[in-house]
Amino acid sequence: VQLQASGGGLVQTGGSLRLSCAASGFTSPNYSMAWFRQAPGKERDFVSAIDWRGTGTAYQGTVKGRATISRDSGKNTMYLQIDGLIPEDTAVYYCAAAESVAVVAVPYSYWGQGTLVTVSS
């Protein structure tokens, strides 16, 4: 199983980004996916998650209303659109996969390599 995150970059405050996570190697489509982020010197925090059907979602409070998680099962790809970016969103964003939706890192067995998002003020 491999997860490949992409789409990070440098944006100004108020800008938008769409992160992608391409999954490969799963023998079944029944897996939930999530985004976590880790800012410099801080712990890895939950951002958002989506169930295998793409209908159940969860968001961390600080991104709720600014972020939209989605997935395209045909492309085995998950997306995270973040609008209204603020400097506090600066972090390495990791995608992960698990059997069911969770808002903590422990249940996620598979992780991508991370993509850096930097928001300038």
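Thr13 counts as partly exposed, at 42% relative accessibility; that class sits between buried, under 20% relative accessible area, and exposed, over 50% (1.4 Å probe, protein chains only). This is a predicted model, in which local features need pLDDT of at least 70, side-chain atom pairs count only at pLDDT 80 or more, and totals for chains, interfaces and linings use all residues. Residues are numbered from 1 along each chain as its sequence is written, and side-chain values use heavy atoms, with hydrogens and water left out. A search of the whole structure gives 1 disulfide, 1 cavity of 30 Å³ or more and 2 salt bridges.

**Thr13 and Gln12**

- Thr13 sits in the loop between β2 and β3; strands are DSSP runs (E, at least two residues), numbered from the N terminus.
- Beyond residues up to four places away in sequence, Thr13 touches Leu85, Ile86, Pro87, Val119, Ser120 and Ser121, where contact means heavy atoms within 4.5 Å.
- Thr13 and Asp89 are 76 residues apart in sequence, and their C-alpha atoms are 9.6 Å apart in space.
- Gln12 belongs to strand β2 (residues 9-12).
- Gln12 counts as exposed because its relative accessibility is 61%.
- Leaving out residues up to four places away in sequence, Gln12 touches Leu85, Val119 and Ser120.

**Salt-bridge network**

- A salt bridge here is a side-chain nitrogen of Lys or Arg within 4 Å of a carboxyl oxygen of Asp or Glu.
- Asp89 pairs with Arg37 in a salt bridge, and their closest N and O atoms are 2.9 Å apart.
- Asp89 is in the loop between β8 (77-82) and β9, and Arg37 is in strand β4 (residues 32-38), so this pair ties together parts that are 52 residues apart in sequence.
- Asp89 and Arg37 are both buried.
- Arg66 also meets Asp89 in a salt bridge, at 2.8 Å from N to O.
- Arg66 lies in the loop between β6 and β7 and Asp89 in the loop between β8 and β9, so the pair ties together parts that are 23 residues apart in sequence.
- Arg66 and Asp89 are both buried.
- Through shared partners, salt bridges join Arg37, Arg66 and Asp89 into one network.

**Gln60**

- Gln60 is placed in the loop between β6 (57-59) and β7 (67-72).
- Gln60 counts as buried because its relative accessibility is 18%.
- Apart from neighbours within four places in sequence, Gln60 is in contact with Arg37, Asp45, Phe46 and Val47.

**Disulfide**

- Cys21 and Cys95 are joined by a disulfide with an S to S distance of 2.2 Å; the cut-off is a pair of cysteine sulfur atoms within 2.5 Å.
- This pair links distant parts of the chain, with Cys21 in strand β3 (residues 17-24) and Cys95 in strand β9 (residues 91-98), 74 residues apart.
- The link of Cys21 and Cys95 is right-handed, with 65° about the S-S bond.
- Cys21 and Cys95 are both buried.

**Cavity and its lining**

- The largest cavity holds about 60 Å³ of space.
- A cavity is a set of points, on a 1 Å grid over the protein atoms alone, where a 1.4 Å probe fits but cannot get out.
- Grid points are joined across faces, edges and corners, and a volume is the space filled by probe spheres set on the points.
- Pro29, Tyr31, Trp52, Arg71, Asp72, Ser73, Asn76 and Thr77 line the largest cavity; lining residues have an atom within 4 Å of a point.
- By class, this lining has 3 nonpolar, 3 polar and 2 charged residues.
- Ala, Val, Leu, Ile, Met, Phe, Trp, Tyr, Cys and Pro count as nonpolar, Asp, Glu, Lys and Arg as charged, and the others, Gly among them, as polar.
- Asn76, one of the lining residues, is in the loop between β7 and β8.
- Phi of Asn76 is near 50°, a positive value in a residue other than glycine.
- Asn76 has a relative accessible area of 39%, so Asn76 is partly exposed.

**Asn30**

- Asn30 is found in the loop between β3 and β4.
- With a relative accessible area of 41%, Asn30 is partly exposed.
- Setting aside residues up to four places away in sequence, Asn30 touches Trp52 and Glu99.
- Asn30 and Trp52 are 22 residues apart along the chain, and their C-alpha atoms are separated by 5.2 Å.

Definitions and conventions: Helices (H or I, at least four residues) and strands (E, at least two) are DSSP runs, numbered from the N terminus. On a 1 Å grid over the protein atoms alone, a cavity is a set of points where a 1.4 Å probe fits but cannot get out, and a pocket is an open set with protein on both sides within 12 Å along at least five of seven lines; lining residues have an atom within 4 Å of a point.
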